[in-house]
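Subject: Structure for your review

Hello,

Here is the structure I said I would pass on. My notes on it follow below.

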Protein chains: 2
Amino acid sequence: MTSPQPISDLFWAHWKTKTMLSAIALGVFTELAKEPLSAAEAANRLRITPAAVTDFLDALVALGLLDRADGRYTNVPESAEYLDANKPATYLGDSYLAQCSGWADDLTNVLRTGEALRGARDGQDFYQAVYDSAESTRAFQRDMTALSMGSALAIAERFPWQQYRTLADIGCAEGALAGQVLRQHPHLTAIGFDLPQARPGFEAYTRNLGLADRMAFQPGDFFRDPLPSADVLVLGHVLHNWGREEKLQLLRKAHQALPQGGALLIYETLIDDDRRRNALGLILSLMMHAEVPGGYDYTGAECRAWLAEAGFCKVRVEELDGPESMIVAIK
Amino acid sequence: MTSPQPISDLFWAHWKTKTMLSAIALGVFTELAKEPLSAAEAANRLRITPAAVTDFLDALVALGLLDRADGRYTNVPESAEYLDANKPATYLGDSYLAQCSGWADDLTNVLRTGEALRGARDGQDFYQAVYDSAESTRAFQRDMTALSMGSALAIAERFPWQQYRTLADIGCAEGALAGQVLRQHPHLTAIGFDLPQARPGFEAYTRNLGLADRMAFQPGDFFRDPLPSADVLVLGHVLHNWGREEKLQLLRKAHQALPQGGALLIYETLIDDDRRRNALGLILSLMMHAEVPGGYDYTGAECRAWLAEAGFCKVRVEELDGPESMIVAIK
């Protein structure tokens with residue numbers, strides 16, 4: 001008989017998300033960052049009912065978010081770095097990505113009607129809604145940091161930064177990519193290019209990282225204005241928001257702005273060429289259909305063709321952290 | 001630098017659940033059970049917007065729920081068996097387990113206040129609410145089938161059924177365990193024991209399996225009434241609903257009802273003895289705290305001690321499918 005286990009695993013997957021979200025909401029990781037606690041101490045400190053606290057903390061151990069030794073709980077390195085609210089430079093616990101719990105019904109509706117959420121007709125509508133208030137702008141920027149952090153760290157390590165001196169991150173949001181790269185490479189300076197509304201979030205983030213003197217914000221619209229010039233231009237989680245024509249337009253503008261020998265660095269939840277393995281790349285593409293009609297995620301092979309059309313010669317595709325990949329194209 | 005990937009994986013987990021739920025809601029698996037379809041045919045047949053249908057179906061391929069060959073999509077064996085609504089005997093797509101999307105907030109509240117959902121003080125309150133209407137009774141029974149199917153199939157294969165002739169499933173819900181066992185072992189007959197309200201669901205399920213002549217429903221309350229007698233008594237996902245005293249009471253009653261040499265078979269999302277690995281067992285225990293205060297999941301070591309206290313001699317613990325285990329105790 002066929003086991004239902006693959007289906008059960010998917011049924012259960014969201015309970016795991018929700019258990020982590022409860023732990024974030026209750027401040028578990030922030031409190032344990034101060035000192036290891038027993039279950040009883042954690043119950044008292046975090047105001048968690050003693051009847052359930054041990055199961056809760058042990059569930060977090062089993063999910064790989066806590067360690068336990070001699071009856072005391074501590075953060076694993078990942079929780080210490082990314083789920084401690086007192087580390088604003090790296091905290092990801094306020095990301096909205098995991099919390100839009102109505103999304104499944106939305107997805108069903110989008111698939112059924114072809115009508116995107118909030119009446120959006122393209123990415124412009126989406127960004128207009130996002131940048132409508134300072135609050136939604138910040139929330140969106142935090143999400144982008146959460147989405148990009150793994151890639152940012154991997155790119156900081158693997159891209160040959162020693163060959164370059166300047167980078168410009170096009171559609172930089174908070175500036176997570178440039179910030180993480182500059183932390184590792186003191187010889188670099190960076191420009192963050194984004195709509196003017198992105199400035200306060202960018203400046204808060206770079207200040208938190210202690211990088212305000214090496215990272216400058218340049219306001220602009222990447223469709224209307226020329227792109228900044230730099231040795232390396234970065235387009236991270238940008239191209240997938242747009243249709244084929246806009247994608248090509250951005251690649252052509254990047255080619256124009258780069259010096260000869262300069263590099264365009266694209267990172268994305270790239271779909272595998274055979275469209276069989278990277279579930280998250282495909283799911284992100286569905287989110288694009290829902291949020292920015294016309295936008296879609298793509299494979300490395302598709303992007304190579306667009307880059308050739310835009311005039312780039314040498315192109316390589318490399319897998320990064322988890323479901324993410326980078327594409328490097330040399331002018 | 002520490003990669004945020006383990007946290008990102010958990011953030012993303014619920015998107016995977018929700019993508020599957022959309023596919024169930026849109027009837028993807030039920031339609032593909034009739035014949036393989038191209039993306040365009042699927043869009044037309046299922047009324048899915050052509051703009052997103054390929055990403056959607058490829059995401060389901062990447063999630064392991066569909067296969068694709070020559071541009072046509074088919075169900076994998078698991079989807080064909082469990083997600084085709086035209087197979088009522090095995091369909092799990094109507095399970096509520098994955099769909100209570102408010103649960104994270106509920107969990108946070110329960111952990112904070114120690115007050116269970118819907119004012120429940122113990123399992124009795126929970127069952128009173130569940131059995132309040134025919135609709136909620138059926139929904140609960142469907143959930144129990146979804147929760148138990150993997151164990152039921154594994155137990156049908158691995159338990160030495162050839163040594164026994166009768167079983168009684170105590171708290172049988174729809175009767176999934178007994179039904180799946182009897183499908184594989186024609187020499188067996190079974191009693192399903194549960195509250196009277198469980199009868200219609202039990203009878204519909206056993207009829208769907210073509211087992212109505214070998215499975216009988218016996219109404220009763222396992223705290224107030226004597227348990228039925230049979231060579232094998234089964235307690236599946238029952239003990240975890242209750243506190244220590246009630247757990248022991250049920251084990252003692254099972255011991256009493258069994259003939260000498262008879263077997264008590266317990267299956268449960270058993271927590272590993274070290275309480276470090278089985279995240280789902282621990283999460284289910286949190287669900288018990290939320291739904292049936294006093295109830296909790298437990299380890300094999302804990303259960304061995306209770307079984308000894310109840311008079312059982314030979315006890316063995318065996319891992320089953322996914323996060324589930326069975327405990328076999330001989331009188």
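How many salt bridges are there between chain A and chain B? The count is six. Please bear in mind that the model is predicted, and that everything below was computed from it.

The interface

One of the salt bridges joins the side chain of Arg68(A) to that of Asp274(B), with an N to O distance of 3.8 Å. For your own bookkeeping, the cut-off for this pairing of nitrogen and carboxyl oxygen is 4 Å. Between the two chains, 23 residue pairs are in polar contact, counting pairs with both residues at pLDDT 80 or more.

On the side of chain A that touches chain B, the elements giving two or more residues are helices H1 (5-25), H4 (50-62), H5 (77-82), H6 (103-113), H8 (134-158), H9 (176-184) and H12 (279-291) of chain A. H1(A) supplies the largest share, 18 residues. By residue class, this side of chain A divides into 48 nonpolar, 21 polar and 16 charged.

In terms of contacts, 85 residues of chain A meet 85 residues of chain B. The area buried between the chains is about 8,100 Å², and carbon and sulfur atoms give 67% of that area. Within chain A, the residues that lose the most area to chain B are Phe11(A), Trp12(A) and Trp15(A). Together these three account for 10% of what the chain A side buries.

The sheet in chain B

Chain B has an open sheet of seven strands with mixed pairing, in the order S6-S5-S4-S7-S8-S10-S9. Its edge strands are S6 (215-219) and S9 (314-319) of chain B, each of which pairs on one side only. From one strand to the next, the twist averages 20 degrees.

At the S6 end, S5(B), residues 189-194, runs parallel to S6(B), and five bridges join the two. Within this pair, Ile191(B) stands opposite Ala216(B), a residue of S6(B).

Two helices of chain B lie across strands of this chain. H9(B), residues 176-184, lies across S4 (166-170), S5, S6, S7 (232-236) and S8 (263-268) of chain B. The angle between H9(B) and S4(B) is about 155 degrees. H10(B), residues 199-208, lies across S5 and S6 of chain B, and runs at about 175 degrees to S6(B).

Regards

Methods. Residues numbered from 1 in each chain as written. Chains lettered and ligands numbered in written order. Predicted model: local features only at pLDDT ≥ 70, side-chain atom pairs only at ≥ 80, totals over all residues. Heavy atoms only, no water. Contact = heavy atoms within 4.5 Å. Buried area = accessible area lost by both parts, 1.4 Å probe. Polar contact = N/O pair within 3.5 Å; in protein donor to acceptor, adjacent residues only side chain to side chain. Helix = DSSP H or I, 4+ residues; strand = E, 2+ residues; numbered from the N terminus. Nonpolar A, V, L, I, M, F, W, Y, C, P; charged D, E, K, R; others polar. Pairing = 2+ DSSP bridges. Axes fitted to C-alpha atoms, helices over the stretch in contact; angles between N-to-C directions.
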